Amino acid sequence: MVWSGKSKDGIGDSFARNAAGSASDLGPGLYGNSRFYLSRERYHLFNTCNVWVARQLRRAGLPINPVRSIRVEGLMSRVRKFGRVIQPAPGASK
């Protein structure tokens, strides 16, 4: 199951863990109740948070190409086909 964090390369597997085994919380995120967490992965131009999300969605079975999701516009243009945006970025159109 991709979402449980128990599968190889699942969402939970990408989080760095503290001594107690909990995901390392770095503090408030940019939107609403979002949070930043320490990752086991490296962030760089071709491995952005948008690429991470696209990889997770692809593992869940959606036909999304992470390479075309480096910027949020690329990711959102693909995921809109599968549902609706429930929390657009400030100033963005739905």
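**A guided tour of the predicted model**

Begin by selecting Glu73 and Arg71, which form a salt bridge with their closest N and O atoms 3.5 Å apart; the term denotes a side-chain nitrogen of Lys or Arg within 4 Å of a carboxyl oxygen of Asp or Glu. The model is predicted, so local features need pLDDT of at least 70 and side-chain atom pairs count only at pLDDT 80 or more, while totals for chains, interfaces and linings use all residues. Residues are numbered from 1 along each chain as its sequence is written, and side-chain values use heavy atoms, with hydrogens and water left out.

Arg71 is exposed at 58% relative accessibility, whereas Glu73 is partly exposed at 47%. Here buried means under 20% relative accessible area, exposed over 50%, and partly exposed in between (1.4 Å probe, protein chains only).

Across the whole structure, three salt bridges are found. For another of them, select Asp25 and Arg35, whose side chains meet at 3.1 Å, N to O. Asp25 lies in strand β1 and Arg35 in strand β2, so this pair ties together parts that are 10 residues apart in sequence. Strands (E, at least two residues) and helices (H or I, at least four) are DSSP runs, numbered from the N terminus.

Next, display β1 and β2 (residues 35-37), which run antiparallel and are joined by three bridges; two strands pair if DSSP finds at least two bridges between them. Asp25 stands opposite Tyr37 in β2. The two strands form a hairpin with six residues between them, and Gly32 in the turn has a positive phi of about 50 degrees.

Remain at β1 (residues 25-28) and select Leu26, which is exposed at 56% relative accessible area. Together with Leu30, Tyr31, Phe36 and Leu38, Leu26 makes a nonpolar surface patch of about 530 Å².

Then move to Arg55 and Glu41, a salt bridge with the closest N and O atoms 2.6 Å apart. Arg55 lies in helix α1 and Glu41 in the loop between β2 and α1, so the pair ties together parts that are 14 residues apart in sequence. Arg55 counts as buried at 18% relative accessibility, while Glu41 is partly exposed at 30%.

Finally, select Ala54, Leu57, Ile64, Leu75 and Val79, the largest nonpolar core. Helices α1 (49-59) and α2 (72-79) each supply at least two residues of this core. Such a core is a set of buried Ala, Val, Leu, Ile, Met, Phe, Trp, Tyr and Cys residues joined through side-chain atoms within 4.5 Å.

Note on methods:
Patches are made of residues with over 30% relative accessible area and no salt bridge: like charges are joined within 9 Å, nonpolar side chains (Val, Leu, Ile, Met, Phe, Trp, Tyr) within 5 Å. Accessible areas come from the Shrake-Rupley method with a 1.4 Å probe; for residues, only the protein chains shown count as cover.
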